[in-house]
Amino acid sequence: GRKLLMIPGPIEFEPEVLHAMGRATTSHVAPDFIECFGKSIELMREVWRSPQGQPFIVAGTGTLAMDMAAANLVEKDDRVLVISTGYFGKRYKDIMDRYGAKTTILEVPVGEVVDLDAIENELKNNSYKALTLTHVDTSTGVLVDPEPIAKLAQKYNCLSILDGVCSVAGEEINQDDWGIDVVLTGSQKAIGVPPGLALLVASEKAMQVWNNRKTPVGSYYADWSNWRPIMKAYEERRPSYFGTPPVNLIVALETSLKIILKEGMEVRVKRHHELAKAFRIGLAALQFEFLPESNEISANTLTAAYYPKGVDGSALLAKLSKDGVILAGGLLPELKTSYFRIGHMGSVSSNDLIVVLSSLERALIELGHPVKAGEGLQAFQSELLTKN
Ligand code: PMP
């Protein structure tokens, strides 16, 4: 039967995007495809709000985008500061370590964000080449405010790399204004394209730092020396080749970027914010508690909530799945069985969240949890109605 995919990526994609993807595959140097690739590069700059940035569109996942930033910007023995709010922060440390960086990781208990003072202290006392931060850590649902951290990085002449896999096109991002050197993502989240594209935009400063490297990039595939000329060629609407681009995914990307920009980034971010807030209010009415310790640091693209006491988590998710609603389990190894995650980004609507809430209500009642049918929906509806 029909399923509603409400995990934090891949998400439900717009029908136009899936239709675009199903078009006959053309040559990667066909004039129409060159136009599509070139246009996608231009539209990325608008979504990222980085008129000066250098976009890269490469076949791969979000992890490749993380890897690409590390491979090109970091050399052996460079100091890197990893600001971690969960699983994907730790992944960035592993990636940096692989390229021989001297990494320091700043960690916090689950649900908290790293103190700005602690970050400044590190930057003041050591000469860091780069810092990494995760905008939304998908394992905890914690939202980090990138702007003050990027400003600190600039103050101490350190590059800033933002893992925006769970945020780009869902949370507010102003890459150039905030002075972030790399903002990266994967296609399957709020960008709204099936998995398979690594996307990033690098600042002029990042490109200079890369240009001034003393040692060659340690990854052949990720090396910007190979990809920069390709991005330049497509943007100038010239044919070129390094590795065959995933033609269908890029046709889908252009379609989705147009849908995103037609809605408008401000309206889109506001929609994510209002739905996320109302959804948390609905869940709270059903006695759910959240991993992020406050609303201010709660993501608008997904919600991570603990199972209520006495409720068997896997039974709950199984009931929803039977009902056609697919949610995600926990990702942090230490808490895996005590919480779950709901994605609400990209094409998500209030009606999708009503389906999730009503299905959760019935499943909870069937599992003996003391809530009443309609309690979560009532709270959700009331919150949305106060908006109008
Ligand atoms: N960073 C974050 C914040 C993510 O949510 C994910 C994917 N869940 C990744 C990185 C890795 O992306 P991918 O799975 O596409 O490699």
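Visitor: How many nonpolar, polar and charged residues are there in the lining of the second largest pocket?
Guide: This is a predicted model. The second largest pocket has 20 residues in its lining. Sorted by class, they are nine nonpolar, seven polar and four charged.

Visitor: Which residues that line the second largest pocket are the closest to its centre?
Guide: The second largest pocket has a volume of about 270 Å³. Its lining takes at least three residues from domain 1 (15-263) and at least three from domain 2 (264-386). The closest to its centre are Pro-8, Phe-88, Val-165, Gln-188 and Lys-189.

Visitor: Which element gives the most to the lining of the second largest pocket?
Guide: The elements that give two or more residues to this lining are helix H3 (62-73) and helix H4 (87-98). The most comes from one of them, with three residues. That element is H3.

Visitor: What is the volume of the largest pocket?
Guide: The largest pocket is lined by 26 residues. Among them, Leu-143, Val-144, Asp-145, Pro-146 and Glu-296 lie nearest its centre. The volume of the largest pocket is about 460 Å³.

Visitor: Which element contributes the largest share of the lining of the largest pocket?
Guide: Helix H5 (116-125), helix H6 (146-155) and helix H11 (265-285) are the elements that give two or more residues to the lining of the largest pocket. The largest share is four residues. The element that supplies this share is H11.

Visitor: How many residues in the lining of the largest pocket are charged?
Guide: Both domain 1 (15-263) and domain 2 (264-386) give at least three residues to the lining of the largest pocket. By class, 13 residues of the lining are nonpolar and six are polar. The number of charged residues is seven.

Visitor: How much space lies in the largest cavity?
Guide: The structure holds two cavities of 30 Å³ or more. The lining of the largest cavity includes Leu-5, Met-6 and Ile-7, and also Gly-343, His-344 and Met-345. By class, this lining has six nonpolar, three polar and two charged residues. The space in the largest cavity is about 60 Å³.

Visitor: Which strand gives the largest share of the lining of the second largest cavity?
Guide: The second largest cavity holds about 40 Å³ of space. Its lining includes Leu-302, Thr-303 and Ala-304, along with Arg-280 and Phe-290. The largest share, three residues, comes from a strand that spans residues 302-306, namely E12.

Visitor: How many charged residues does the lining of the second largest cavity have?
Guide: Gly-141, Pro-292 and Ser-298 are among the residues that line the second largest cavity. The classes in this lining are five nonpolar and three polar, and the count of charged residues is one.

Visitor: Are H11 and H14 roughly parallel or roughly antiparallel?
Guide: The axes of H11 and helix H14 (residues 375-386) come within 7 Å and cross at roughly 150°. An angle over 145 degrees counts as roughly antiparallel. H11 is therefore, relative to H14, roughly antiparallel.

Visitor: Is the crossing of H8 and H9 left-handed or right-handed?
Guide: Helix H8 (residues 204-211) and helix H9 (residues 224-235) have axes that come within 12 Å and cross at roughly 135°. The two helices are therefore oblique to each other. The crossing of H8 and H9 is left-handed.

Visitor: What word describes how H2 and H10 lie relative to each other?
Guide: Helix H2 (residues 31-48) and helix H10 (residues 247-263) have axes 9 Å apart and pack at an angle of about 40°. The crossing of H2 and H10 is left-handed. From the angle, H2 and H10 are therefore described as oblique.

Visitor: Which residues does a cis peptide bond join?
Guide: The bond has an omega of about -5°. One of its two residues lies in the loop between strand E1 (4-5) and helix H1 (15-21). The residues joined are Gly-9 and Pro-10.

Visitor: What value is phi of Asn-157 near?
Guide: Asn-157 lies in the loop between H6 and strand E8 (159-163). Its phi is positive, in a residue other than glycine. The value of phi is near 55°.

Conventions. Residues are numbered from 1 along each chain as its sequence is written. This is a predicted model: local features need pLDDT of at least 70, side-chain atom pairs count only at pLDDT 80 or more; totals for chains, interfaces and linings use all residues. Side-chain values use heavy atoms; hydrogens and water are left out. On a 1 Å grid over the protein atoms alone, a cavity is a set of points where a 1.4 Å probe fits but cannot get out, and a pocket is an open set with protein on both sides within 12 Å along at least five of seven lines; lining residues have an atom within 4 Å of a point. Grid points are joined across faces, edges and corners, and a volume is the space filled by probe spheres set on the points. Ala, Val, Leu, Ile, Met, Phe, Trp, Tyr, Cys and Pro count as nonpolar, Asp, Glu, Lys and Arg as charged, and the others, Gly among them, as polar. Domain bounds come from an automatic or database domain assignment. Axes are lines fitted to C-alpha atoms, for helices over the stretch in contact, and angles run from 0 to 180 degrees between N-to-C directions. Angles under 35 degrees count as roughly parallel, over 145 as roughly antiparallel, 65 to 115 as roughly perpendicular and the rest as oblique. A crossing is left-handed if the near helix is turned anticlockwise from the far one by less than a right angle, and right-handed if clockwise.
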